[in-house]
Amino acid sequence: MAFPPCPPSLKQIQHFLKIAQEHDDREIVVAYWSRLYALQIGLKISAQQPDETSLLLAIMDWLETVKKENSNNEAITNEVAALAHLENYALKLFLYADKQDRESNFGKNVVKAFYSSGVIYDILQTFGELSEEALGNRKYAKWKAAYIHNCLKNGETPIPGPMREEGDDEETNTTIPTDIRDNSPDITANGDPNAAYDPNLELIEPPSTDSALPTAEEILNNPNKLPSPPVEEEKPGGFEPFVPPEHVSSAQVVDLQITPEQMIKAQKYCKYAGSALNYDDVKTAIENLQKALTLLTTGQDV
């Protein structure tokens, strides 16, 4: 479906629409919720000009059509399933980009993965406030996308992994440069850092490896191709490891009433654990399972 151009007054939603366009043919769930989030923001900021109304109505029509065509897809019709699906997708992109970054495999495909992950974490706000983990990943992903992009643009070699200024508690500026936000660049076959984005091209093979790296799309379609994320290094979000609480006897939890919100949160922790196991990250899986168990046995979200 062809959409009217995005007017300058709705530039705030342009990057969500671009993410949707990039996923129309390969991941309809991401495309659907990206446009829905863009629509929600667009309706809030629209001055009801003709060009704005034309675009927003077209998005509404598309959303209605796609929802009917995918009525059996729970990740489109059910918000809980959609939340889990998008969280898993954003995490795949994030872990892929973080792994390549820490191994000094820099390129615009890594910038693209970090950037897309950050935008999808924005889209997750459709379902409510982000978790601490998601907030940390989003901030780090956007900062890394901007940092690596600026290094490549200036002919500098990026420093892999987290980097903080001495005495600072926060990462450096996380503002995404306009040329990333508007153009969503990616790697190209010849490695030109200023070339246009082509999502079908593979990552550049780094000199230090003997075999070609998988493409970002291959990673998303087959998580088994994703290298195991670093487990001994500090996580980008800088979170403290979970300390299991003291054992709670069964007598203490007999009368505990779990609210629907707590039940959904416990399910999310279990899904996080499942996602971590997809990447052989046993430590993260255990942490999330312990969080779910604590929530269900004490009613406390640690």
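Entry 1, terms. I call a residue buried when its relative accessible area is under 20%, exposed when over 50%, and partly exposed in between, using a 1.4 Å probe and protein chains only. By that rule lysine 112 is buried, with a relative accessible area of 5%.

I am working with a predicted model, in which local features need pLDDT of at least 70 and side-chain atom pairs count only at pLDDT 80 or more, while totals for chains, interfaces and linings use all residues. Residues are numbered from 1 along each chain as its sequence is written, and side-chain values use heavy atoms, with hydrogens and water left out.

I take helices as DSSP runs of H or I with at least four residues, and strands as runs of E with at least two, numbered from the N terminus. The expected span of a helix is 1.5 Å times one less than its number of residues. Helix 6 covers residues 108–123, and its 16 residues should span 22 Å. I found its end C-alpha atoms 22 Å apart, which agrees. I also checked how covered helix 6 is: 16 of its 16 residues are buried.

I count a salt bridge where a side-chain nitrogen of Lys or Arg lies within 4 Å of a carboxyl oxygen of Asp or Glu. The count by this rule is eleven.

Which residue does lysine 112 pair with in a salt bridge? Its partner is glutamate 22, with the closest N and O atoms 2.7 Å apart. Lysine 112 lies in helix 6 and glutamate 22 in helix 1 (residues 14–23), so the pair ties together parts that are 90 residues apart in sequence. Glutamate 22 is buried too, at a relative accessible area of 13%. I noted that Lys18, Glu22 and Lys112 are linked in a network of salt bridges.

I looked up the salt bridge between arginine 35 and aspartate 24, where the closest N and O atoms are 2.7 Å apart. Arginine 35 sits in helix 2 (residues 28–45) and aspartate 24 in the loop between helix 1 and helix 2, eleven residues apart. Arginine 35 is buried at 3% relative accessibility, whereas aspartate 24 is partly exposed at 26%.

I then turned to lysine 265, which forms a salt bridge with aspartate 301, the closest N and O atoms being 2.6 Å apart. Lysine 265 belongs to helix 11 (residues 260–278) and aspartate 301 to the segment after helix 12 (282–298), so the pair joins parts 36 residues apart in sequence. Buried or partly exposed, which is lysine 265? Lysine 265 counts as partly exposed, at 22% relative accessibility. Aspartate 301 is partly exposed at 40%.
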